[in-house]
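Here's a quick walk through one model, helix by helix, with a few side stops. Have the viewer open and follow along.

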Amino acid sequence: MNRGWLSFLGIVLSAGGLVTGEEMVVKAVQSQKVYLVIIAEDISANTYKKVTDKCKFYNVECIQRATSEEIGDAIGKSFRKVIGVTDRNLAKALKNKIK
């Protein structure tokens with residue numbers, strides 16, 4: 001699987017277009033400020049259900065890619081299980097890089 005999109009996450013973070021952490025992402029989804037949610041492959045079943053249910057309810061695309069360590073490394077932080085992209089154009093560009 002091509003993981004080149006991970007390097008783009010640093011650009012998104014620098015542009016102020018990321019929110020990280022389960023609670024912060026869920027709140028951002030509820031307030032409709034997120035256009036794409038990325039979930040780590042090694043997330044717990046409960047957290048996965050909570051985040052994906054919110055995304056489905058608020059019609060936000062949710063993608064499960066990479067491990068929490070890979071996501072954290074890509075944005076220069078410790079392990080990250082859930083991240084949300086808050087900029088519509090950056091979310092679109094990131095989706096294109098993932099697919």
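This is a predicted model: local features need pLDDT of at least 70, side-chain atom pairs count only at pLDDT 80 or more; totals for chains, interfaces and linings use all residues.

## Starting point: Asp73

Let's begin with Asp73, which is found in helix H4 (helices, H or I with at least four residues, and strands, E with at least two, are DSSP runs numbered from the N terminus). Asp73 is exposed at a relative accessible area of 56%; buried means under 20%, exposed over 50% and partly exposed in between, with a 1.4 Å probe and protein chains only.

Residues are numbered from 1 along each chain as its sequence is written, and side-chain values use heavy atoms, with hydrogens and water left out.

## Also in H4: Ser68

Helix H4 covers residues 68-75, and Ser68 belongs to it. Is Ser68 buried or exposed? Its relative accessibility is 2%, so Ser68 counts as buried. Setting aside neighbours within four places in sequence, Ser68 is in contact (heavy atoms within 4.5 Å) with Ala40, Asp42, Phe79, Arg80 and Lys81.

## H1 against H5

Helix H1 (residues 5-14) and helix H5 (residues 88-98) have axes that come within 9 Å and cross at roughly 170°. That makes the two helices, H1 and H5, roughly antiparallel. For the record, axes are lines fitted to C-alpha atoms, for helices over the stretch in contact, and angles run from 0 to 180 degrees between N-to-C directions. Angles under 35 degrees count as roughly parallel, over 145 as roughly antiparallel, 65 to 115 as roughly perpendicular and the rest as oblique. H1 passes H5 in a right-handed crossing; a crossing is right-handed if the near helix is turned clockwise from the far one by less than a right angle, and left-handed if anticlockwise.

On the H1 side, Trp5, Phe8, Leu9 and Val12 meet Leu90, Ala93, Leu94, Lys97 and Ile98 of H5. Lys97 also lies over the face of Phe8, 5.2 Å from the ring centre (the criterion is NZ of Lys or CZ of Arg within 6 Å of the ring centre and within 35 degrees of the ring normal). Leu9 is buried, at 0% relative accessible area. Not counting residues up to four places away in sequence, Leu9 touches Leu18, Ile38, Ala74, Ile75, Ile83 and Leu94.

## H2 against H3

The axes of helix H2 (residues 22-30) and helix H3 (residues 45-57) come within 9 Å and cross at roughly 15°. H2 and H3 are therefore roughly parallel. Glu22, Glu23, Val26, Val29 and Gln30 of H2 make the contact with Thr47, Lys50, Val51, Lys54 and Cys55 of H3.

## Two loops with positive phi

Gln32 is not a glycine, yet has a positive phi of about 55°. Gln32 sits in the loop between H2 and strand E2 (36-39), and is exposed at 55% relative accessible area.

Ala66, not a glycine either, has a positive phi of about 60°. Ala66 lies in the loop between strand E3 (61-64) and H4, and is buried at 0%.
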